[in-house]
Amino acid sequence: MRIVGLTGGIASGKSTVSSMFKYNQIPVVDADVIARDVLKKGTGGYKKVVAAFGPEILQDDGQVDRLQLGRIVFSDASKRQLLNRLLAPYISSGIFLEILKLWIKGHKVIVLDIPLLFEAKMDKWTKPIVVVWVDPETQLRRLMERDNSTEEDARNRINAQMSLDLKKSRADIVIDNAGSLQDLQERFGEVLLEVKRPLTWTEFWLSRNGALSALLGVVIGVLAGRKVFSSL
Ligand SMILES: CC(C)(COP(=O)(O)OP(=O)(O)OC[C@H]1O[C@@H](n2cnc3c(N)ncnc32)[C@H](O)[C@@H]1O)[C@@H](O)C(=O)NCCC(=O)NCCS
Ligand SMILES: Nc1ncnc2c1ncn2[C@@H]1O[C@H](COP(=O)(O)OP(=O)(O)OP(=O)(O)O)[C@@H](O)[C@H]1O
């Protein structure tokens, strides 16, 4: 089974690209949806978060007030790290379970849509890595429009993530989404072909095992070195 990593910055267009994969019968595991589930009232994640952040993050019905919790964690890096630490085990097991279900159903290609692919170090499990990129001005504008948020809130959210240019430099495939939806649709057509292409053995191993790749690199380096030296 191939797990395609779909990532990018907040409001760069991951969900829009996800819908295109789903429309083409490729199942998508959405980390944001799983992250929402593990914070629902009564779950293990909920109890840990309420114990750490206090009842002031709750609404009258006892559910977490996501807007309020978002304001807290997106303006304070240490609180954000605390929330990430508390939820990470629940989110990763949720992702694993969803992938397992799709594997049992016999799917050969699935997409993992996850904003924090690199930050959570899950990139080693996915190949190819598709990064949806936009320029900073477009990202800010789309985020403020979509969430009806202030510029300060939007900038805080953007700054809470690894820079989009850094993510772009670590991508196998970049989707530049600064243009229109029509442009995105056209680029997606090319990406779909690339994603469905069978992996070569080298790509397969490089994606699965960084340590093995490094070892292989050393072995090849040593052998090549010997050859060079023996010919001197
Ligand atoms: C802080 C919370 C309650 C805010 O909820 P809200 O409904 O306002 O936002 P939502 O969950 O829809 O996230 C929107 C976007 O924010 C960004 N984002 C979310 N969590 C984080 C984080 N911890 N660090 C950086 N960016 C994040 C992502 O790009 C995401 O797509 C929520 O985002 C949360 O529980 N985050 C921690 C869990 C997590 O890491 N989620 C990311 C999926 S791996
Ligand atoms: N090419 C485009 N042209 C115009 N609007 C777009 C384009 N691509 C996406 N959008 C809009 O930009 C907003 C952000 O897109 P989307 O929700 O897909 O981002 P995302 O990366 O999934 O965000 P998040 O990290 O918050 O989940 C949405 O309102 C979407 O409709």
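Predicted model: local features only at pLDDT ≥ 70, side-chain atom pairs only at ≥ 80, totals over all residues.
View 1. The chain holds 11 helices and five strands, and 27% of its 232 residues count as buried.

**View 2. The surroundings of ligand 1.** Ligand 1 is surrounded by 21 residues, of which the closest are Ile10, Ala35, Arg66, Gly70 and Pro115. The elements that give two or more residues to this shell are helix H2 (31–37), helix H4 (66–73) and helix H5 (77–104). Sorted by class, the shell around ligand 1 has 14 nonpolar residues, together with three polar and four charged ones.

**View 3. The surroundings of ligand 2.** Around ligand 2 there are 16 residues, and the closest are Lys14, Ser15, Thr16, Arg142 and Arg146. At least two residues of the shell come from each of helix H1 (14–23), helix H6 (136–147) and helix H9 (181–196), and H1 gives the most, with three residues. By class, the shell around ligand 2 has five nonpolar, seven polar and four charged residues.

**View 4. The packing of helices H3 and H5.** Two packed helices are described by the angle between their axes and the distance between the axes. Helix H3, made of residues 44–53, packs with H5 at an angle of about 165°, and the axes of the two helices are 9 Å apart. Because of this angle, H3 is roughly antiparallel to H5, and the crossing of H3 and H5 is right-handed.

**View 5. Pro89 in helix H5.** Pro89 lies in helix H5, and its C-alpha atom is separated by 8.9 Å from that of Gly45, although Pro89 and Gly45 are 44 residues apart along the chain. Is Pro89 buried or exposed, or does it fall in between? Pro89 has 13 C-beta neighbours inside 10 Å and therefore counts as partly exposed, since a residue is exposed with 12 or fewer such neighbours and buried with 20 or more.

View 6. Lys127 and Pro128 are joined by a cis peptide bond, for which omega is about -5°. Pro128 itself lies in the loop between strand S3 (109–113) and strand S4 (129–133).

**View 7. Gln25 and its positive phi.** Gln25 is not a glycine, and yet it has a positive phi of about 60°. The residue lies in the loop between H1 and strand S2, which covers residues 28–30. Gln25 counts as exposed because it has 8 C-beta neighbours inside 10 Å.

**View 8. Asn148 and its positive phi.** Phi of Asn148 is near 55°, which is a positive value in a residue other than glycine. With 7 C-beta neighbours inside 10 Å, Asn148 counts as exposed.

Conventions. Residues numbered from 1 in each chain as written. Chains lettered and ligands numbered in written order. Near = placed C-beta within 6 Å. Helix = DSSP H or I, 4+ residues; strand = E, 2+ residues; numbered from the N terminus. Nonpolar A, V, L, I, M, F, W, Y, C, P; charged D, E, K, R; others polar. Axes fitted to C-alpha atoms, helices over the stretch in contact; angles between N-to-C directions. Parallel < 35°, antiparallel > 145°, perpendicular 65-115°, else oblique. Left-handed = near helix turned anticlockwise from the far one by under 90°.
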